[in-house]
Amino acid sequence: MCSGRFMSFRIEPVHGEEERMASSRMIGRGLEMARLRSMIDRACAGRQTTVLVRGEPGSGKSELLSALGALAADTGFQVAAVDAQGIPRASFAAANHALGHLLTTSAVSAPTAVRAPSTERVSELVESVRVQAQRAPVAICVDDVDHVDPWSLRWLLALTESTSPTRLLIAASASGFGAGHPMPWGAELAARAERIDLLGLPAAALAEFAATRCGVTLDEESATECRKLTGGNPSLLLFLLCGTNAAPTAEEVGADACSMVFPGAERWLGGLSEPALALARAVAVLGVDAEIAQAAELAQLAVPDALSMADELVGRCLLANRTPLAFRHPLLATMVVSGIPVGTRAALHLKAAEILRDGHFGMTPVARQLVAAGPLGQAWAVQPLRGAARQLAREGRAEDAVRHLHALLRERLPSRVRSDVLCELAALDPFVDPDHTVHQLNSVRQEVDEPEIATGYAVALAGLLTECGRPAEAVAALGDTADRLGPGAAEQSWRVRLHKAYVCLHGPGWLARTADPLDDLVTQAPPDDGARRELAGLRAVHSVASCEDRATAVHYARQALAGAPDSWTWSAWYGSVALIHADELDEAWTHLSRTRLAGGACLGRWDPVSAELLRARICRVRGDLAGVAEALTPMAEWLCTAAANSRMLAALGVSLLVEARSLMGDTDTALALLTDSGLDHDLLSRRDTPTVLCARAALWEHRGDPSSAVADYLAAGRLLAEYQADNPAVVPWRSRAARLLAAAGEVTEAAQHAGAELEHARRWGISRTIGIAEHGVAMAATGARRLRLLAGAVRTLACSPARLELAAARFDLAAALGEAGRANEAGTEFAAALSTARACGAQPLMERIRAARQALCPPGLAEPAHPTLMNLTPQELKILCLAREGHTNRAIAGKLCVTVRTVEFHLSGAYRKLGISGRRQLGEIIPSSVAARLAASKAIEDGSRQVVRPLGADSGPLGCARCG
C-alpha cells in the first residue's frame with residue numbers, strides 16, 4: 001500500500017498530478033518549504049546561499065532536497081543534483097558529476113585534461129560554476145554530503161567563499177555532518193551553511209501522512225502511538241504502517257511493531273563496526289534505560305570501548321544522546337532485536353537475566369529477560385518469574401503477570417509448584433483470557449492423581465467459572481472431582497463439597513438446592529483452622545439470608561476473617577458482607593483496608609477489586625454517594641466490559657455506581673453505565689441480579705418512570721424469595737416499592753410490602769433496616785398515623801449510619817407536618833433534611849426539599865432554626881456563631897479568653913450533636929436570621945449557663961413568620 005522508498009532523488013519540474021504527489025511527500029514540512037522558497041528568492045537576487053539539511057536516516061532529507069530542486073527549476077535555475085552514495089568516491093567525482101549536469105547544454109565546457117588533484121583544479125571548477133551562474137541562476141543539490149570525496153568538499157567550500165554577487169544556491173543534506181566531521185573542510189562547510197534540522201513529523205500531520213502515503217486511517221490514540229514508536233520519522237512510519245489494516249487501533253499498532261520484519265534495517269545498521277553493532281544489540285536486549293556497565297558486559301566490551309561505541313551509535317542517530325542508554329525511537333530497538341538470529345537472541349536474553357540477577361536489580365527486570373529468552377531449563381528462573389508475576393498483579397498489570405506465569409509453566413516444574421502456579425493463573429485470567437485457563441485447569445484436573453493437587457485445581461477452576469458467570473459448569477467440575485477422589489480422601493472431598501456450596505450461592509435457585517446440607521458440612525468438617533474459617537464464611541451468609549440471628553452472623557463473620565490468609569477467598573468476601581449487613585461498618589472497613597492497595601484497586605487481581613467494591617458498599621450504607629463514585633469511577637470502563645461478559649462482581653460494582661449516580665442526579669451517566677454493561681435488558685437468574693434490579697429501579701425512579709421502577713423492585717423480590725433471602729439488610733426492595741406504590745395510590749399493596757419488611761427487619765434487629773421499613777409503612781398510612789410513624793422512623797434512623805435514608809424520612813416528615821398545619825416544626829425538619837441531603841450529595845432530594853420548603857415558607861420570611869440547636873450549651877452556641885462568621889479557633893479563643901484547646905473541645909462536641917463534619921456546614925445549620933437572634937441573646941452576651949429555650953417553637957423571629 002505504501003508508495004515506495006523515501007529516498008528517491010530526482011530534480012524535475014512538476015505539474016498537475018506529479019505536483020500533487022510531490023506535495024503529498026512534503027506533508028508536515030510547511031515551515032521548511034517556506035524557508036527554502038525564501039532561500040531560492042535570495043539566490044535569484046544575487047545573494048549566494050548555502051543550506052545544510054540535517055536529520056536522522058529516513059527523516060525526509062532527500063525528499064526535501066528534491067522539492068528544493070523542483071522549486072528552483074520552476075524558478076529558472078539550472079539544477080545540478082548529486083546523490084553522493086550513488087557515485088564512486090574518487091577525487092572530484094561529485095564535482096564532475098554536478099558540472100556534467102550544468103555544462104551538457106552550455107557553450108562553456110569543463111576542463112577535460114585528467115590531472116592530479118590540486119588547488120588549481122579546484123579553482124578551475126569553481127570558475128566554471130561562476131561563469132555558468134552569470135548566464136542563469138545555479139542550484140547545486142548534494143544528497144548525503146557526508147559521503148562526498150574530500151576534493152569535492154573543498155570545491156563546495158570554495159564556492160561559498162565568493163565575495164561578489166553570485167546567483168548560486170548550494171543545498172546539501174547529511175545525517176551526522178557537522179563540527180565532528182573527520183575532514184576539516186566538511187566541518188567548515190557546515191559552519192558556513194544555514195541549517196534546517198528535520199525533526200519527526202508533528203502529531204497533527206501523522207494522520208494525513210498515513211492516509212496519503214499508506215491509505216491508513218489513524219485516530220488520535222493510534223496516531224499518538226505511532227509517534228511514540230517512531231518519533232514521527234517518515235521512513236519508520238512507512239515501515240510500521242505497511243501491511244497493517246485500514247484503521248488500526250493503538251493496541252494493534254503496538255502489536256504490529258513487536259512482530260515486524262524491517263526491510264530497511266540496512267539504512268540504519270549498514271556500515272556499523274562490529275563492536276558498535278554488539279553494543280546496539282545489548283542495549284536493545286536490555287530494554288529501556290540500559291546502564292552502560294550492563295550493556296558493556298552483555299556486549300563483551302570493556303567500559304571505555306563501550307563508551308566509544310556509544311558515541312558512534314549516537315552519531316548514526318540510533319541511540320539518544322543521554323544516559324542510561326536508550327534508542328532514539330522504540331521501533332529502532334525492535335528493528336535491532338528482530339535482526340538477531342533466534343539462538344543468539346535467546347542466549348543474550350539469558351545472559352542479560354544473569355547480569356541483572358547478579359547485580360540485584362530486582363525480580364521484574366530479571367523475569368522480563370527470562371520471558372523473552374523462553375524456556376531454557378534454568379532452575380533458578382522459577383523464583384524471579386513467580387515473584388515478578390505477583391508484583392505485576394499487585395500493580396494492576398494483569399496481562400504482563402499472566403505472560404510471566406505462562407512462561408513459568410513452560411519450564412520443568414514439580415507438580416505442587418505447577419499446581420500453585422495454575423491456581424495463581426486462575427485468579428488472574430478473569431482479567432485476560434479465562435477460556436484458555438479454564439481449558440488448561442480442566443485438563444490437568446482430570447490427569448492428576450494426587451488428591452490434594454486435584455482438589456486445588458478443581459477449586460481454582462470452580463472459582464474461575466463462577467466469576468465468569470458459569471456456576472453450573474463449576475458445580476459439575478466439583479462434582480466430578482469429588483467422584484474421582486473417592487472415599488479415601490475424606491478431607492479433600494469435604495473441601496470440594498464446601499466449595500460446591502459456595503458456588504451454589506451464585507447460581508439460580510434450582511442450583512442452590514443441589515448443595516450439600518449445611519448441617520452435614522458442619523458435622524463432617526476437618527478439625528483444622530482453615531476448614532473452620534472457610535465453613536464460618538458459609539455459615540455467616542446463611543445466617544444473613546435467613547434473617548434469624550444477627551449476633552450469630554457477626555460471630556461467624558469474625559471467625560471467617562480471623563487470621564485470614566493474604567489471598568482473598570470466598571470466606572473473606574462473605575465474612576465482610578455479613579459484617580456490612582449487620583452494620584458493623586467500622587470493623588468491616590478496617591479489615592478491607594488491609595486488602596486495599598494504596599491509591600485504590602488495580603485491575604490485576606480480584607483481591608483489591610473485591611475490597612474496593614465492599615468499601616463502596618459501606619459508603620452507600622453511610623449515604624456517602626461521593627465516596628461510592630470516587631471508589632468505582634476509575635474502574636467504570638472495565639467494570640462495564642466485565643459485566644457485559646457476565647462477571648458477577650463487576651455487575652455488582654456497576655449496580656452500586658448506577659445507584660449512586662442516580663441518587664446524585666447524574667442519570668445520564670447512570671443510564672450510559674447500565675447500557676454499556678448490558679444490564680438494561682433481561683437479566684439472568686443469579687445472586688447478583690436482585691441488587692442490579694434495585695439499582696436499575698432507582699435509575700427509573702429518578703428518570704420519572706415509577707412504574708418501571710416498581711416492576712424491577714418486584715422482580716428483585718421474586719428472585720430473593722426463590723433464594724429464601726428475606727433479610728432487608730441485603731436489599732430493602734419492599735419498602736422502596738411501597739413508597740412508589742403509595743404515591744401511585746396503591747396503598748393496600750404498599751402496606752402489605754412495607755409491613756412484611758418491617759417484620760423481617762425487627763427480626764434482624766438493626767436500626768437501619770427497621771427505620772427504612774418504618775418509613776415505608778408510614779408512607780402507606782395517612783393522617784395522624786402517618787405523622788406518628790414518620791416521627792418514629794426518623795428517631796430510629798437517627799441512631800443508624802443511614803444518613804441518606806434519614807434525610808429522605810425527615811423530608812417526608814416535614815411535608816406531613818406542613819400538611820398538618822405545623823409549619824414551624826416542618827421548617828426545622830426541612831432544614832435538617834436539607835443539611836443531611838447536602839452532606840450525602842443527593843442533589844435531586846435537595847431540590848425536592850428546597851421546593852417544598854419554599855412552598856411552605858416563601859422567601860423573605862424568617863428562616864427556621866435547626867432542631868438540635870436547642871441541645872447546645874450557651875458556650876457552644878457562642879463558639880459556633882463566631883466560627884460561622886469565619887473566625888479561626890485562635891481568634892475565637894482570644895475573644896472569649898479561653899484556650900484554643902477549649903474551643904476545639906466545644907466545637908467537636910457541637911458538631912457531634914448537630915451531626916455535621918465541620919464549620920463549612922454551619923451556614924446551613926444556623927441561617928443568618930438565627931445567627932442574629934443568637935448574637936443578641938443573653939446567652940451569647942454574658943456566657944451564663946442558663947437554659948436556652950427551644951428554637952423554633954414560640955420563639956418569635958427564630959420561627960417561621962407565618963406561624964407568628
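The model is predicted: local features need pLDDT of at least 70, side-chain atom pairs count only at pLDDT 80 or more, and totals for chains, interfaces and linings use all residues. Numbering starts from 1 along each chain as its sequence is written, and side-chain values use heavy atoms, with hydrogens and water left out.

**Overall make-up**

- The protein has 51 helices and five strands. Both are DSSP runs numbered from the N terminus: helices are H or I with at least four residues, strands are E with at least two.
- Of the 964 residues in the protein, 54% are buried. Buried means under 20% relative accessible area, exposed means over 50%, and partly exposed lies in between (1.4 Å probe, protein chains only).
- Among contacts with a separation of 6 or more, 69% come from residues 24 or more positions apart. A contact means heavy atoms within 4.5 Å.

- Five strands form an open sheet in the order 2-3-4-1-5, with parallel pairing. Two strands pair if DSSP finds at least two bridges between them.
- Strand 2 and strand 5 (194–197) are at the edges with a single partner strand each, so one side of each has no neighbour in the sheet.
- From one strand to the next, the twist averages 15°.
- Strand 2 (residues 78–83) is mostly covered, with five of its six residues buried.
- Six bridges pair strand 2 with strand 3 (residues 138–143) in the parallel sense. Here V79 stands opposite A139 of strand 3.
- Strand 1 (residues 49–54) runs parallel to strand 5, joined by four bridges. L52 stands opposite R195 in strand 5.
- Helix 6 (residues 150–159) lies across strand 3 and strand 4 (168–174), at about 145° to strand 3. Axes are lines fitted to C-alpha atoms, for helices over the stretch in contact, and angles run from 0 to 180 degrees between N-to-C directions.

**Helix 37 against helix 38**

- Helix 37 (residues 689–702) packs on helix 38 (residues 706–722) at an angle of about 165°, with the axes 8 Å apart.
- That angle makes helix 37 roughly antiparallel to helix 38. Angles under 35 degrees count as roughly parallel, over 145 as roughly antiparallel, 65 to 115 as roughly perpendicular and the rest as oblique.
- The crossing of helix 37 and helix 38 is left-handed. This means that the near helix is turned anticlockwise from the far one by less than a right angle; clockwise would be right-handed.
- Helix 37 contributes residues including T689, L693 and W700 to the contact, and helix 38 contributes residues including P706, Y713 and L720.
- The contact residues divide into 13 nonpolar, two polar and three charged. Ala, Val, Leu, Ile, Met, Phe, Trp, Tyr, Cys and Pro count as nonpolar, Asp, Glu, Lys and Arg as charged, and the others, Gly among them, as polar.

**Backbone details**

- T323 and P324 are joined by a cis peptide bond, with omega about -5°. P324 sits in the loop between helix 15 (303–315) and helix 16 (330–338).
- F92 is not a glycine, yet its phi is positive, near 65°. F92 lies in the loop between strand 2 and helix 4 (93–103). F92 is buried, with a relative accessible area of 4%.
- D144, also a residue other than glycine, has a positive phi near 55°. D144 belongs to the loop between strand 3 and helix 6. D144 is buried, at 8% relative accessible area.
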